[in-house]
Amino acid sequence: MTYIAKPKFQHPGLKKNELGYTHRDYEGKVSTLCAGCGHDSITASIIEACYELSIEPHRVAKISGIGCSSKTPDYFLGNSHGFNSVHGRMPSVLTGANLANRDLIYLGVSGDGDSASIGFGQFAHSIRRGVNMTYIVENNGVYGLTKGQFSATADRGSKSKKGVTNTDNAIDLVAIALQLGATFVARSFSGDKTQLVPLIAAAIGHKGASFIDVISPCIAFNNHAGSTKSFDYVREHNDAVNRLDVLVGRDPIAVDYAPGTVQVVEQHDGSKIALRKIDADYDPHDRLGAQTFLARHAAKGQIVTGLLYVDPDAEDLHSHLNTVETPLNTLEADALCPGSAVLDKFNASLR
Amino acid sequence: MSDKKPISSVNDFVVRFANVNGSGSASANEMFARAILRHGVPVSPRNIFPSNIQGLPTWYEVRVTEAGHLGARGGVDMMVAMNPQTWDKDVAGIEPGGYLFYDSTKPMPSTKFRDDITVIGVPLTAITNSTYTDPRQRQLFKNIIYLGALSALLDMDPKLIEQLIGEQYKGKEKLLSSNVHALHLGRDWALQNLKCPLGLRIKKSDKVGDRIFIEGNSAAALGAVYGGATVCAWYPITPSSSVAEAFTAHCKKYRHDPATGQAKYAIVQGEDELASIGIVIGASWNGARAFTATSGPGISLMTEFIGLSYFAEIPAVIMNIQRAGPSTGMPTRTQQCDIIACAYASHGDTKHVLLFPEDPAEAFEFAAAAFDLAERLQTTIFLMLDLDIGMNHRLSRPLKWDDAKQYDRGKVMTAEMLEEGRDFGRYLDVDGDGIPYRTYPGTHPTKGSYFTRGTSRDRYARYSEEGSVYADNMQRLVRKFETAQDLVPRPLQANAERPTKYGVIYFGSTSPAMDEAIGLLEARGHQLDRLRIRAFPFHSSVASFLAEHDFVYVVEQNRDAQLRQLIVNENGIDPVRLVPIVHYDGTPITARYIAKTIGDHQDHLKVTPLRKAVS
């Protein structure tokens, strides 16, 4: 099996971003996922976000684990290096890559099986270390590639396509990410591009561990009645706390909304996020409040979406380790090797 | 009371200290070993310790060896019995004619001693209690007091010990003088109350030379610093933890930018071994030199990633400080038991490069070389140490570095090369050595990017599940492994004085015991050619050595003769011609054991020793 080649021609009038790239420059191979898969919508949102941010495509490293979601990095940013690694181990591979070169943008793509089951530990530890990354879980509550087994994010009581009822409690990765100290936590829905694109863009601009849980229905194995991850179910139970309407780099923003309904968040790198508040009482700077809010709504069967928490002054793993500004992978013997004179002294101290 | 003549020996005997873990004896015992070194007499000390922090028995053995035999000898000439828990076994272990040193504060029944040894009682507790009131001081200084008494009994120069104390407590005058005081308390008591010196004596010599006294783990960690490692990820496991800890200490000293204070390295203590190797793979994929240190159970956990490293061709350096397995096994005892586990680690058809350093100096050299090899070969390189080398101070030739040396970063295609229009296929064998070019992420806006996967891709890293494409790649990986043969450290051969049909193969920490055993075997009239294997894949000289000898002994420290299996398997050798000599009780192999087992086997083969035939 090989891929269908994607035609290279494009409309001459295609819009270009600040760097002169078109949408096509952010695309990848043709997707081999099922037609209508929620994951393909997320791929489209990633392309859109990177285009809007005018990121140089090759300055992104795309890293994934194993599963349907983990295949997707091949379908966007074709000029970026990608790494389809080991099941559940994307976080460690990404952590290592990030340590080697702090200058690239790290996009971790994972699924609910990859992050909530086999890789739950790695998910947790990469978040608590504050690795500077955008960690996206394409969450469909089901193992797609192995044909429909429940994953650990499947809600208790939800039904599989074969009619089996899930009796295990679900893991809410957003709640866990908040508890572990992620400094940017959001949830969205693959079918809601207007909410998702700015969230991805804001997460990329965030310096620190950004986590986005994207509910992404599996049209083959988890889009039936009785599923709590189907398109219909999510649309009916979606409770957005806010929407990112404007995200405009470092420029000042002017938003035409009634006072009090828009909240501007300035991130560490100078980028600004304009949040349109839907739930007037919701404060995205209050970690504890976010946790309570989330738990209260989960009890009511509501799926809270939007930017749930952000710490604009977050630090990342490199600041904790006090590493040099120069990427470690560019250092050579002159910078790394102490040399023979030092070794002679070392020897002398051991006699 | 002895009915056996006391052992008399100058600069050639074994002293064993039996202590309770956590009693502060380790530093006094180490000072004893260092003091003998200062007399110009080589020593080979070994820690025999439990998997415990406080309370269980621990031993420290010092082999005093003017001849420079650094392997374990076996047997104890003098026991410093400070642990009532192990008294009976300790006393029983003394060689006939040997010496027992003990704390005689409380009287012991005569049944607790032996008639064929010399018993030396020093009232250590009484001396300590009459001098110190603080319980902690009493415990610590008791150790220094016995060191003082031993210095008199063994005729050691107290000035040399004082000098060591001075170096250790430089700038801490109070501690310095109180330690010197304790030393003389013990020494003076012995001189006044005992017949000093004993038959065992230390005499000044000049056999230490410029050698250094260092643990293999520290040397390997320094090798990683010199070899340019910038990322280290690890998970604590005995006996490897001190590699990462030493790397941290060395980096703090040598790897901070003097102007900014920033670190030219990143060390992460992973949540487990899976994360540790994942971080190493991620960092190496992105062009940094990265390593992890672990031991057997950690290797088991890492094997999925090790397979990925092999198939996706990502450099990695794994230092495996071997110990007796499993997790609830004997983590503080030494073995060479992960040879097969590492050589063929992981799923599918995999083979990995192993390096076998024999001592700290080689641990340093091979550790540094491992990073060049990993990047040149784009695969995992195992540095196979063991507890015996890793966690014991070993007298070793000084560490050396050539300042002209540049790192071999392997085949990396740069933006300039891509601009020139060089054909980039991530898995394309352009030079016929099986090694393809790689690019670092972020190299070029439109050229050189690729999607990393295991094997479902073609020479240009394009997705493919075609059988022929898979097979083509697997054959190239074999070619690459053949290339490795000539890049790894070659075996070292030492022939017997006279031509012989018998040979012996050995590796790693067996080295000093083997060197000594050769002398013992020669004394029995057995001539053997020696081949020390230093790496896998095996160089062609291994096959030649096997072809040149009728029988070859393979000496190793595991039950299943794993290196022998590897040699048989990789060289298609008739197994009958390879005689396994194995030692696997968790203690380091000794020259006596090797000489006896090989000697007995030679006798069994009805080999008439040359000397007998001639006489």
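Strand 10 (residues 231-234) of chain B pairs with strand 11 of chain B in the parallel sense, over four bridges. Strands count as paired if DSSP finds at least two bridges between them. Helices (H or I, at least four residues) and strands (E, at least two) are DSSP runs, numbered from the N terminus. Within this pair, B:W234 stands opposite B:Q269 in strand 11 of chain B.

Both strands belong to an open sheet of seven strands in chain B, with the order 11-10-12-13-15-14-21 and mixed pairing. Its edge strands are strand 11 (266-269) and strand 21 (535-536) of chain B, and each pairs on one side only. In general, strands of a sheet pair through backbone hydrogen bonds, either parallel or antiparallel.

## Source and confidence

This is a predicted model, in which local features need pLDDT of at least 70 and side-chain atom pairs count only at pLDDT 80 or more, while totals for chains, interfaces and linings use all residues. Residues are numbered from 1 along each chain as its sequence is written, and chains are lettered from A and ligands numbered from 1 in the order in which they are written.

The mean pLDDT of chain B is 95, and 98% of its residues reach 70 or more. The pLDDT is the predictor's confidence in each residue, from 0 to 100. The model scores ipTM 0.95 and pTM 0.95.

## A sheet of five strands in chain B

Chain B also has an open sheet of five strands in the order 18-20-19-22-23, again with mixed pairing. Strand 18 (492-494) and strand 23 (578-582) of chain B are at the edges with a single partner strand each, so one side of each has no neighbour in the sheet. From one strand to the next, the twist averages 20°. Strand 19 (residues 502-507) and strand 20 (residues 529-533) of chain B pair in the parallel sense over five bridges. The bridge partner of B:G503 in strand 20 of chain B is B:D529.

Helix 17 (residues 540-548) of chain B lies across strands 18, 19, 20 and 22 (551-556) of chain B and runs at about 155° to strand 20 of chain B. Helix 18 (residues 562-571) of chain B lies across strands 19, 22 and 23 of chain B, at about 135° to strand 22 of chain B. For these angles, axes are lines fitted to C-alpha atoms, for helices over the stretch in contact, and angles run from 0 to 180 degrees between N-to-C directions.

## Helix pairs in chain B

Two packed helices are described by the angle between their axes and the distance between the axes. Helix 1 (residues 25-38) and helix 4 (residues 135-153) of chain B pack at an angle of about 20°, with their axes 9 Å apart. That makes helix 1 of chain B roughly parallel to helix 4 of chain B. Angles under 35 degrees count as roughly parallel, over 145 as roughly antiparallel, 65 to 115 as roughly perpendicular and the rest as oblique. The residues of this contact divide into six nonpolar, two polar and no charged. Here Ala, Val, Leu, Ile, Met, Phe, Trp, Tyr, Cys and Pro count as nonpolar, Asp, Glu, Lys and Arg as charged, and the others, Gly among them, as polar.

Helix 4 of chain B also packs against helix 6 (residues 173-193) of chain B, at an angle of about 45° and with axes 7 Å apart. That makes helix 4 of chain B oblique to helix 6 of chain B. By class, the contact of these two helices has 14 nonpolar, five polar and one charged residues.

Helix 9 (residues 273-285) and helix 10 (residues 296-312) of chain B pack at about 30°, with their axes 8 Å apart. Helix 9 of chain B is therefore roughly parallel to helix 10 of chain B. Their contact has seven nonpolar, three polar and one charged residues.

## Where the two chains meet

How many residues of chain A are in contact with chain B? There are 51, and they touch 54 residues of chain B. Two residues are in contact if their C-beta atoms, placed from the backbone, lie within 7 Å. The largest share of the side of chain A that touches chain B, eight residues, comes from helix 3 of chain A. The residues of that side divide into 24 nonpolar, 21 polar and six charged.

Strands also pair between the chains. Strand 2 of chain A and strand 17 (residues 451-452) of chain B pair in the parallel sense over two bridges. A:F83 stands opposite B:T452 in strand 17 of chain B.
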